[in-house]
Amino acid sequence: MKIREFVPLAGYTSYGIGGPARYFCEPSNPKEIKSALSFALKRNIPYYVLGRGTNVLISDAGLAGMVIHLGEKFARLKVAGHLVTAEGGLPLTKLIHTLAEKNLGGFEALAGIPGTIAGAVVMNAGAYRVFIGDFINGLDVLTPTGQFKTMPRDKLGFAYRTSIFQTQSHHKYIILRTHLRVLARPKAEIKETIAVSLKKRRQHPQLPSCGSTFRNPVGIPAGKLIDEMGLKGTRRGQAQIAPQHGNFIVNLGGATAQDVYGLIRFVQDKVWEERGIALKTEVKLWGEFENPPK
Ligand SMILES: Cc1cc2nc3c(=O)[nH]c(=O)nc-3n(C[C@H](O)[C@H](O)[C@H](O)COP(=O)(O)OP(=O)(O)OC[C@H]3O[C@@H](n4cnc5c(N)ncnc54)[C@H](O)[C@@H]3O)c2cc1C
């Protein structure tokens, strides 16, 4: 496996934003992932696992460590009855469509979420009251020291937009394979649900974004809160709080990570000052930004 240097990351994210990775690789099997881990360990540099980059904001200065990109090269799928094994880099939407052809499903409401199955597990991605975590039986992972481990579902800590992989103890684990239990469902019904979900998504802002920027605080959706405060349409450079949806920050073309981050901090400060609510980001911030929280 080739380890490349100073690889621009913008093209690997849905925002189209991000400076270079000092080191970058695209493993196609667990052995290559292990060798990427030991490369990082030997040099004492951090590593980042990147799926389709649809929930990350990468700083303009880039990342001083190793980016391990798990994408198309790591996307095999096995179906045995209702039990499905999908490698971490498989796109979620592709999984939904492939299963539909076999009259299998259950989470087709998530069609159109643009990430990988592993990214979806880390985030416990959800839409229209359906959550991927509800279909996960267990996972095969690599620990930061390169040990293989199987984790059953009761150890995965799924809750609203979170999993154990967002905690300090597990955020450096790498998801190799996901084991799912899916439901028998007629293809036509699944396709109908997919069509409904995709239609709703067409009403979302279509410019580059990471989807929802903030987690919903208790009691009110973040988008509604931002809307009520009259913040929609606010700009920083080429980044804008989408006029159609308060929780989307879009790239109007040529936005920097700092433009997006500036808007994130602006919204957080305003919401805190005026409503006493501490808005937390759903998007993951990688690298260094100016004006971090005090
Ligand atoms: C237009 C748009 C609409 C969206 N709509 C929704 C929605 O309706 N619901 C929703 O929940 N989300 C939504 N999202 C957000 C995003 O698509 C999901 O969070 C998605 O699951 C992220 O997957 P990814 O592969 O892009 O992960 P990335 O953005 O690449 O990574 C996200 C996190 O997962 C970690 N990660 C990725 N792969 C692995 C792995 N193999 N092992 C360990 N960690 C890993 C990364 O390190 C990072 O912490 C939307 C995004 C966009 C751009």
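Two strands pair if DSSP finds at least two bridges between them. Keep that in mind for this tour of a predicted model.

**Stop 1: the sheet of four**

Select strand S2 (residues 20-25) and strand S5 (residues 63-69). They run parallel and are joined by four bridges. Now pick Phe 24. Opposite Phe 24 stands Val 67 in S5.

The open sheet has four strands in the order S1-S2-S5-S3, and its pairing is mixed. At the edges are strand S1 (4-8) and S3, each pairing on one side only. Look along the sheet. On average, neighbouring strands are turned by 40° against each other, direction ignored.

Next, show H1. Which strands does H1 lie across? The helix lies across S2, S3 and S5, and runs at about 170° to S5.

**Stop 2: the domains**

Zoom out and colour by domain. The domain assignment of the protein chain gives domain 1 (4-72), domain 2 (75-201) and domain 3 (222-286). Between the centres of domain 1 and domain 2, taken over C-alpha atoms, there are 22 Å.

Select the place where these two touch. Here 14 residues of domain 1 are in contact with 14 residues of domain 2. On the domain 1 side, helix H1 (residues 30-43) gives the most, with five residues. Colour that side by class. You will find five nonpolar, six polar and three charged residues.

**Stop 3: around the ligand**

Select the ligand and the residues around it. There are 31 of them, and Gly 51, Gly 115, Ala 118, Gly 119 and Gly 211 come nearest. Domain 1 (4-72) and domain 2 (75-201) each give at least three residues to this shell.

H3 has the largest share, with five residues.

Colour the shell by class. It holds 17 nonpolar, 12 polar and two charged residues.

**Stop 4: two loops**

Go to Asn 124. You are in the loop between H3 and S9. Phi of Asn 124 is near 45°, a positive value in a residue other than glycine. Is Asn 124 buried or exposed? Asn 124 counts as buried because it has 21 C-beta neighbours inside 10 Å, and the cut-off for buried is 20 or more.

Move on to Tyr 128. This residue lies in the loop between S9 and strand S10 (130-131). Tyr 128 has a positive phi too, near 50°, and is a residue other than glycine. Is Tyr 128 buried or exposed? Tyr 128 is exposed because 10 other C-beta atoms lie within 10 Å, and a residue with 12 or fewer counts as exposed.

**Stop 5: a hairpin**

Select strand S6 (residues 77-80) and strand S7 (residues 83-87). They run antiparallel, and four bridges join them. Find Ala 80. Its bridge partner in S7 is Leu 83. S6 and S7 form a hairpin with two residues between them. Click on Gly 81 in the turn. Its phi is positive, about 60°.

**Stop 6: Ala 100**

Select helix H2 (residues 92-101) and find Ala 100 in it. Is Ala 100 buried or exposed? Ala 100 is buried because 21 other C-beta atoms lie within 10 Å.

Lys 280 is 180 residues from Ala 100 along the chain, and their C-alpha atoms are separated by 35 Å.

**Stop 7: the sheet of three**

Finish with the strands S15, S16 and S17. They form an open sheet of three strands in the order S15-S16-S17, with antiparallel pairing. Strand S15 (235-236) and strand S17 (249-251) are the edge strands, and each pairs on one side only.

Select strand S16 (residues 239-241) with S17. The two pair in the antiparallel sense over three bridges. Opposite Ala 239 stands Asn 251 in S17.

Last, show helix H6 (residues 257-275). H6 lies across S15, S16 and S17, and runs at about 30° to S16.

Technical notes:
Residues are numbered from 1 along each chain as its sequence is written. This is a predicted model: local features need pLDDT of at least 70, side-chain atom pairs count only at pLDDT 80 or more; totals for chains, interfaces and linings use all residues. A residue is near a molecule or strand if its C-beta atom, placed from the backbone, lies within 6 Å of it. Ala, Val, Leu, Ile, Met, Phe, Trp, Tyr, Cys and Pro count as nonpolar, Asp, Glu, Lys and Arg as charged, and the others, Gly among them, as polar. Domain bounds come from an automatic or database domain assignment. Two residues are in contact if their C-beta atoms, placed from the backbone, lie within 7 Å. Axes are lines fitted to C-alpha atoms, for helices over the stretch in contact, and angles run from 0 to 180 degrees between N-to-C directions.
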